[in-house]
Amino acid sequence: MASSLQEENIKAAFDLLDTDGNGVLERQDFDLKAEKARKEFALVAGSPKHRNLQVAYTAWWERIRAAADVNEDGRVTREEFVTSVINGMLSDPDYFDTTIGGFARALFEAADDAGTGAIGQGQFVRIFGTVGIPADAAEAAFAAYGASTIDLDTFVTAARDAYGSNDPDAPGTATFGRR
Ligand SMILES: [Ca+2]
Ligand SMILES: [Ca+2]
């Protein structure tokens with residue numbers, strides 16, 4: 001069974017992903033997210049980093065759609081989403097890497113404009129801002145690392161924990177403001 005913490009975070013993820021706020025997830029919600037990140041990090045349209053973002057968001061949407069859109073109308077309801085994520089987590093140990101991992105990497109690379117392989121608090125907050133997470137929640141999540149910068153692997157783990165950690169003390173778990 002998924003814990004109530006996981007379920008709360010998955011519900012919060014749905015609300016974040018429903019970018020246009022119409023109560024269902026559709027391809028457009030993910031296109032809007034990718035565009036928001038492109039603007040935030042001033043990526044040149046069609047550049048490799050921009051394409052990576054689009055590919056990652058589209059892949060994430062397709063994964064959600066394939067698992068959750070039972071009636072194949074191109075729309076995923078909150079209930080469909082929660083059920084599919086919980087089933088995915090329980091049945092596939094690589095679920096997060098294949099869903100969240102790609103998009104987290106693409107966002108990290110978009111923010112890491114100097115290509116140093118590390119990002120500071122400001123970049124971290126901007127990344128989470130493009131997803132829809134308030135700055136204070138992102139700052140608190142970053143502060144939990146107790147470091148001035150974090151690397152890609154740490155960031156991917158943070159994104160994974162925000163989404164589905166069962167450990168209330170993992171730094172990323174509180175990203176949605178819930179413990
Ligand atoms: Ca929507
Ligand atoms: Ca549907």
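Student: A crossing counts as left-handed if the near helix is turned anticlockwise from the far one by less than a right angle, and as right-handed if it is turned clockwise. Is the crossing of α6 and α7 left-handed or right-handed?

Tutor: In this predicted model, the crossing of α6 and α7 is right-handed.

Student: At what angle do α6 and α7 pack?

Tutor: The angle is about 135°, and the axes of α6 and α7 are 9 Å apart. The two helices are therefore oblique to each other.

Student: Which residues in α6 and α7 meet?

Tutor: From α6, Gln121, Phe124, Val125 and Phe128 take part; they meet Ala135, Ala138, Glu139, Ala141 and Phe142 in α7.

Student: What does Phe124 touch, leaving out residues up to four places away in sequence?

Tutor: Phe124 touches Ile119, Ala138, Ala141, Phe142, Ile150 and Phe155.

Student: Changing topic: how do α3 and α4 pack?

Tutor: Their axes are 9 Å apart, at an angle of about 95°. This makes α3 roughly perpendicular to α4. Ile64, Ala67 and Ala68 of α3 meet Glu80, Phe81 and Ser84 of α4.

Student: And the largest nonpolar core: how many residues has it, and which have the most contacts inside it?

Tutor: That core has 49 residues, and those with the most contacts inside it are Leu25, Tyr57, Ile64, Phe81, Phe124 and Phe155. The elements giving two or more residues to this core are α1 (4-17), α2 (27-40), α3 (48-68), α4 (78-91), α5 (95-111), α6 (121-131), α7 (135-143) and α8 (152-164).

Student: Where does the largest share of this core come from?

Tutor: It comes from α5, which gives 10 residues.

Student: How many aromatic pairs does a search of the whole structure find?

Tutor: The search finds 11 aromatic pairs. One example is Tyr57 with Phe103: the ring centres are 5.2 Å apart and the planes are at 55°, so the pair is tilted.

Student: Why is that pair said to tie together parts apart in sequence?

Tutor: Tyr57 lies in helix α3 and Phe103 in helix α5, so the pair ties together parts that are 46 residues apart in sequence.

Student: Is Tyr57 buried or exposed, and is Phe103 buried or exposed?

Tutor: Tyr57 is buried because its relative accessible area of 1% is under the 20% cut-off. Phe103, at 7%, is buried as well.

Student: Which cluster do ring pairs link?

Tutor: Ring pairs link Tyr57 and Phe103 with Phe30, Trp60 and Trp61 into a cluster.

Methods: Residues numbered from 1 in each chain as written. Chains lettered and ligands numbered in written order. Predicted model: local features only at pLDDT ≥ 70, side-chain atom pairs only at ≥ 80, totals over all residues. Heavy atoms only, no water. Core = buried A, V, L, I, M, F, W, Y, C linked by side-chain atoms within 4.5 Å. Buried < 20%, exposed > 50% of the residue type's maximum accessible area, 1.4 Å probe, protein only. Helix = DSSP H or I, 4+ residues; strand = E, 2+ residues; numbered from the N terminus. Contact = heavy atoms within 4.5 Å. Phe/Tyr/Trp six-rings, centres within 6.5 Å; stacked < 30°, edge-to-face > 60°. Axes fitted to C-alpha atoms, helices over the stretch in contact; angles between N-to-C directions. Parallel < 35°, antiparallel > 145°, perpendicular 65-115°, else oblique.
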